[in-house]
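The structure comes first, then the notes.

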Amino acid sequence: MVTAETVRTGRNDHHAAGAVDSARGDDIELRINGSKPLTMACVSAVETICAAVESVEATTMLPVYVSGTPDAGWVHNLDVALVTKWERALRRLERLGVTTVAIASGDCGGVALDALLATDYRIATPDVRMSLPMDGEATWPGMAIFRLSQQVGGTRMRRAILFGTPIDASEGVDLGLIDELAEDPAHALAAAAARTSTLSGTELAIRRQLMFDAATTSFEEALGRHLAACDRALRRSAAKAATSGSGTT
């Protein structure tokens, strides 16, 4: 059954439905059930959450709860147009001007794994097990393969990518796919929120993009972008110092 909930941001009410649930109360959060098939409702839910985050300037962190893996036959009724929209929604999530924190538990595949790989920081319970879903003949050739290869390396991910071999919690930490294992994810999330509360979302997004570009950009090309980012940081620092100085005289 498809259910709908309301995202309350203080300014607008947004509705999300399907395999991805919405936020509750004043805090914006994204919940993704990987056992559900990909539908347009999933795409709309992620887009809705992203819009909610972008509309509330006070938001500094987005929790993304992920769990579940699809059963056989989950690709029925899928088409390339829907997959394209889903990947674009994930890319928007991946580029948000806030820290995105995944909280993963149990089996994690399909749309749940897709979302986890698009986050900045990953918390997982010790029972987490990540795996690429199968399409009946082989592993699903979606962008999760790209992100696994980019974030870890194709050689180390060979068994997972080619054969769908699950990645357990300890291996996930060793590979850098999981940042923290926690028996109490709520406590770990609160600690992550405290660490990121003073970060600038805009500046974080710039660092994230520099990190993404490093995999495909030559040193000469990267140098100009990094120098521009350094210049921006120095200008912002000088502006803050000037403002602070004028306030004390």
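Glu87 has a relative accessibility of 16% and therefore counts as buried, the cut-off being under 20%. The model is a predicted one.

**Surroundings of Glu87**
- Apart from neighbours within four places in sequence, Glu87 is in contact with Gly142, Met143 and Arg147.

**Packing of helix 1 with helix 2**
- Helix 1 covers residues 40-55 and helix 2 covers residues 80-94.
- The two helices pack at an angle of about 20°, and their axes are 9 Å apart.
- Helix 1 is therefore roughly parallel to helix 2, since angles under 35 degrees count as such.
- The crossing of these two helices is left-handed.

**Residues at the contact**
- Helix 1 contributes Met40, Cys42, Val43, Val46, Glu47, Cys50, Ala51 and Glu54.
- From helix 2, the residues that meet them are Leu82, Lys85, Trp86, Ala89, Arg92 and Leu93.
- By class, the contact of helix 1 with helix 2 has ten nonpolar residues, four charged residues and no polar ones.

**Helix 1 itself**
- The buried residues of helix 1 are Cys42, Val43, Ala45, Val46, Thr48, Ile49, Cys50, Ala52 and Val53.
- With 16 residues at 1.5 Å a residue, helix 1 should span 22 Å, and this agrees with its end C-alpha atoms, which are 22 Å apart.

Note on methods
Residues are numbered from 1 along each chain as its sequence is written. This is a predicted model: local features need pLDDT of at least 70, side-chain atom pairs count only at pLDDT 80 or more; totals for chains, interfaces and linings use all residues. Side-chain values use heavy atoms; hydrogens and water are left out. Axes are lines fitted to C-alpha atoms, for helices over the stretch in contact, and angles run from 0 to 180 degrees between N-to-C directions. Helices (H or I, at least four residues) and strands (E, at least two) are DSSP runs, numbered from the N terminus. Angles under 35 degrees count as roughly parallel, over 145 as roughly antiparallel, 65 to 115 as roughly perpendicular and the rest as oblique. A crossing is left-handed if the near helix is turned anticlockwise from the far one by less than a right angle, and right-handed if clockwise. Contact means heavy atoms within 4.5 Å. Ala, Val, Leu, Ile, Met, Phe, Trp, Tyr, Cys and Pro count as nonpolar, Asp, Glu, Lys and Arg as charged, and the others, Gly among them, as polar. The expected span of a helix is 1.5 Å times one less than its number of residues. Buried means under 20% relative accessible area, exposed over 50%, partly exposed in between (1.4 Å probe, protein chains only).
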